[in-house]
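The structure I consulted is shown first.

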Amino acid sequence: MNLAEFRSGFPHTDHSVYLNHAATSPLSTPVRSAMAEYAGTRGGVEAGAQIDGFETTLLPLLQDTREKVASLVGTSNDRIAFAQNTSAGLNALAEGLDWQPGDRVAIPDGSFPTNVFPFLNQKHRGVAVDFIPTSEGAYSVEDVERTLRPGTRVVSVSWVHFLSGFRADLPEIGRLCAERDIIFCVDAIQGLGALEMDVDACRIDVLAAGGHKWLMAPQGIGILYCSRDLQSKIRPPAGWLHGPVDWEELDDYELTFHDDARRFESGTLNGIGLAGMNAALEQHLALGSDAVERQVRDLAAHLAGGLAGLGLPRYGSSDPSHGSGIVTVAPDEPEALADHLTSAGVATAVRNRKVRFSPHAYVTTDDLDRALEAVADFVG
């Protein structure tokens, strides 16, 4: 698949420019078709046919999607679990770790609440949160190191800052954590699907991401990666699917967990969401993560340069080594600018009184130039 073929699956490109993938991505035609096909297995069948939404449909879909996710993040199938969203994935760690009074978590300040509240919620167990100082979302590995305390047990960072688009130096933070025997946790939702990921190279222990942003999957389905070394230190939730199912002895209540990351999947998952995620991953892997990242970052650079030329310098770091798909500016009237862009058929987002642009790989420079023309009309 090439980028032109990818773009053809988004009919909205005929009439509008969507630059809000950091919020929620549109669903491509193949993704919507896969979801409709899965839904068809639950209804609309001929008279006398059986409707089976689990063993013959959901389980094979789970396995195939698990393989695709593993390929995406550079790991083996047994390290991947599915979760409802990023929050659910991070809570697997936050609620499952055997915290002790005096344990601490280091988190960059200004992080999206998803990466903060699960750990603040452990205060009743004697856990404290230390905030790594940042400047417009940016920070260095040295800033992380200076924030560590004798009791620091977890460092949890966003791969890409939700507002400034600052991309954290995951390999170096991972190295630091490994040297200090600290658990390294990553909220990956603003990077996964836009940037290349290798969890082993980054020495990540836990990674969580919802699928509805850059992965271009439906809402309500996400992924959880957990390293083999950490798995045994996290108490998983219990449900009917957390371990092997004995279909002949379902009332045998022996509490046995899977020996892989499936132990974090406690019950029946969102089948339609999985079908959509599977199709979205199929497209992504056909394009190639490297090609997607090149296109996304080229588009972001083009957009940032155009906005700066209109007198709207970028909020956050312009260092290419920390670049992502997010470009944010701070105009005097952010809501008015966003409304003007909407009226011109350009979708953006206002966050913290700033306007955020986030193009995906199917967007073209012509699309961006249309958006820049609308900005130019506004600024005069």
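The model is predicted, with local features requiring pLDDT of at least 70 and side-chain atom pairs pLDDT 80 or more, while totals for chains, interfaces and linings use all residues. Residues are numbered from 1 along each chain as its sequence is written, and side-chain values use heavy atoms, without hydrogens or water.

I recorded that S9 and S12 (residues 354–357) run antiparallel and are joined by three bridges. Strands here are DSSP runs of E with at least two residues, helices are runs of H or I with at least four, and both are numbered from the N terminus. Two strands count as paired if DSSP finds at least two bridges between them.

I then traced the open sheet, which has three strands in the order S9-S12-S11 with antiparallel pairing. S9 (327–329) and S11 (349–351) are at the edges with a single partner strand each, so one side of each has no neighbour in the sheet. Neighbouring strands of this sheet are turned by 35° against each other on average, direction ignored. Helix H10 (residues 289–309) lies across S9 and S12, running at about 15° to S9. Contact means heavy atoms within 4.5 Å. Axes are lines fitted to C-alpha atoms, for helices over the stretch in contact, and angles run from 0 to 180 degrees between N-to-C directions.

Which residues cover the two faces of S7? I found Val206, Ala208 and Gly210 on one side and Leu207 and Ala209 on the other, all buried. Buried means under 20% relative accessible area, exposed over 50%, and partly exposed in between (1.4 Å probe, protein chains only). Five of the five residues of S7 (residues 206–210) are buried, so this strand is largely enclosed by the rest of the structure.

I checked the partners of S7 next. S6 (residues 183–187) pairs with S7 in the parallel sense over three bridges, and Cys185 has Val206 as its bridge partner in S7. S8 (residues 222–226) is joined to S7 by five bridges and runs antiparallel to it. In S8, Cys226 is the bridge partner of Val206, and Gly222 that of Gly210.

In S8, too, five of five residues are buried. S2 (residues 80–83) pairs with S8 in the antiparallel sense over four bridges, and Ala83 has Gly222 as its bridge partner.
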